[in-house]
Amino acid sequence: MYTILQMEPWFDEKEARAVFDYMDSGGWVTEFSRTREFEESVKRYVGSRYSAAVPNGALGLTLALAISGVGYGDEVLVPDFTMVATANAAKMLGARVTFIDIDPKTLCMDFELMKKAVSSKTKAVILVTINGRYPEEIESFVLFCRERNILLLEDAAQSLGSFKDGKHLGTFGDIGLFSFSAPKIITTGQGGILVTDNEEIYEKIKKYRDFGKEKPGEDHYITMGSNFKFTDIQAVIGLEQMKKLPWRVERKKQIFSLYEGNLKNVQEISFLPTNLKNTSPWFIDVMISGGMKEPLRKHLKERGIETRLFFPALHSEPAYARVNETYPVAEKVAVDGLWLPSSSKLTDKEIKYICKEITDFFVR
Ligand SMILES: Cc1ncc(COP(=O)(O)O)c(C=O)c1O
């Protein structure tokens with residue numbers, strides 16, 4: 001029996017040849033001109049003015065907060081449902097994380113709750129455009145934060161290839177972040193990129209990424225910084241992956257539609273309302289009602305189909321242990337939510353097989 005993975009990276013001889021050619025040309029592996037090309041390519045695709053590659057998404061978020069002066073005593077608002085890197089980026093700098101519940105329609109931070117939570121200590125809001133979706137009021141987030149001089153950091157780690165009416169997600173905030181970790185729509189193994197339209201922010205990112213140097217290669221340090229650099233070996237892989245991105249964006253949409261169509265008669269399964277003109281779902285996210293998630297997972301696993309549980313409600317994790325707080329929507333989706341196999345590599349036949357197994361489980 002072969003296993004259908006929940007997610008897997010997808011490379012072929014194009015990446016292999018690009019890496020060989022790069023090594024053959026005597027490149028130093030560390031970041032240089034190919035990294036600049038990769039940054040250009042992502043920047044062009046998402047339509048931002050500037051882009052800066054970073055070692056991974058998690059450190060990209062930390063870097064974005066650090067250059068914005070977020071530190072001890074400051075407050076950062078974070079959705080309770082997200083990958084833990086979003087919250088940890090603030091906590092690692094000594095800031096206080098305030099969790100905000102999510103909107104059940106989009107799984108993104110609830111705008112009204114965010115507004116209520118803002119205090120005089122709020123220095124940043126991290127809006128996660130999760131799984132290629134965005135809050136209906138995304139422009140209001142921008143205005144609200146701008147009027148109060150609060151940094152709007154858009155964690156679009158999962159949103160490469162998703163737009164709102166032609167504007168790419170990740171470009172609404174002051175700074176946006178994309179991740180290229182192994183399960184993402186395209187990957188460089190590890191990796192991330194920060195995007196912004198603000199030249200001053202871009203200059204700060206570049207300096208902080210390079211030990212705070214005034215100019216690359218000169219040992220004169222004008223600001224705090226560290227080593228947040230990328231490598232050209234990742235960049236040559238990323239450049240090949242970028243060529244494949246448009247096809248994958250469309251394929252993810254087809255995969256979502258196929259699942260939705262094949263599972264429409266299964267009452268226990270529901271899909272989030274998803275506008276496929278804008279959203280390219282990175283993961284196929286479904287809600288399983290009636291406490292049947294674990295039995296379904298087991299049934300699928302026995303048949304070689306891997307799934308993944310949703311992120312837990314972060315406040316309840318030991319790393320945060322906010323036992324007296326409650327965020328009902330994040331808690332509910334953590335219980336009901338399941339990610340089905342979602343790789344762009346999946347064939348139509350595999351999707352039909354997965355859907356048949358799910359249907360059989362519920363009609364038994
Ligand atoms: C929403 C979100 N933010 C941040 C990250 C962290 O990115 P990375 O794994 O590249 O560090 C992820 C990774 O999946 C993510 O999903």
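## Leu107 and the basis of the model

Leu107 is buried, with 24 other C-beta atoms within 10 Å. A residue counts as buried if 20 or more other C-beta atoms lie within 10 Å of its own, as exposed if 12 or fewer do, and as partly exposed in between, with C-beta atoms placed from the backbone. Leu107 is found in the loop between β3 and α5 (111-117). Its phi is near 65°, a positive value in a residue other than glycine. Helices (H or I, at least four residues) and strands (E, at least two) are DSSP runs, numbered from the N terminus.

This is a predicted model, in which local features need pLDDT of at least 70 and side-chain atom pairs count only at pLDDT 80 or more, while totals for chains, interfaces and linings use all residues. Residues are numbered from 1 along each chain as its sequence is written.

Asp165 lies in the loop between β6 and β7 (167-168). With 7 C-beta neighbours inside 10 Å, Asp165 counts as exposed, whereas Leu107 is buried.

## Strands β2 and β3

Strand β2 (residues 75-79) pairs with β3 in the parallel sense, over five bridges; two strands pair if DSSP finds at least two bridges between them. The bridge partner of Pro79 in β3 is Ile100. Because four of the five residues of strand β3 (residues 96-100) are buried, this strand is largely enclosed by the rest of the structure.

A crossover is right-handed if, with the strands pointing away from the viewer, the path from the first strand over the helix to the second runs clockwise.

Strand β5 (residues 151-155) has five of its five residues buried, so it is largely enclosed by the rest of the structure. Leu151, Leu153 and Asp155 point one way from β5, Leu152 and Glu154 point the other way, and all are buried.

Strand β4 (residues 122-128) runs parallel to β5 and is joined to it by five bridges, with Ala124 opposite Leu151. β4, helix α6 (residues 138-147) and β5 make a right-handed β-α-β unit.

## The ligand shell

The ligand is surrounded by 14 residues, the closest being Gly57, Ala58, Met83, Ala157 and Ser179. A residue is near a molecule or strand if its C-beta atom, placed from the backbone, lies within 6 Å of it. The elements that give two or more residues to this shell are α3 (57-67) and α4.

By class, the shell has five nonpolar, eight polar and one charged residues. Ala, Val, Leu, Ile, Met, Phe, Trp, Tyr, Cys and Pro count as nonpolar, Asp, Glu, Lys and Arg as charged, and the others, Gly among them, as polar.

## Two domains

The chain is assigned domain 1 (13-239) and domain 2 (245-363), with bounds that come from an automatic or database domain assignment. The C-alpha centres of the two domains lie 26 Å apart. Contact between them involves 24 residues of domain 1 and 24 residues of domain 2; two residues are in contact if their C-beta atoms, placed from the backbone, lie within 7 Å.

On the side of domain 1 that touches domain 2, the elements that give two or more residues are α4 and β6 (163-164). By class, that side has 12 nonpolar, six polar and six charged residues.

## Asp232

Asp232 lies in helix α8 (residues 232-262). With 22 C-beta neighbours inside 10 Å, Asp232 counts as buried. Its C-alpha atom and that of Arg34, 198 residues apart along the chain, are separated by 5.3 Å. Leaving aside neighbours within four places in sequence, the contacts of Asp232 are Tyr22, Gly27, Val29, Thr30, Glu31, Phe32, Arg34 and Thr35.

## An antiparallel sheet

Four strands form an open sheet in the order β10-β11-β13-β12, with antiparallel pairing. β10 (269-271) and β12 (308-309) stand at the edges with a single partner strand each, so one side of each is left without a neighbour in the sheet. Strand β11 (residues 284-288) runs antiparallel to β10, and three bridges join the two. Ser270 stands opposite Met287 in β11.
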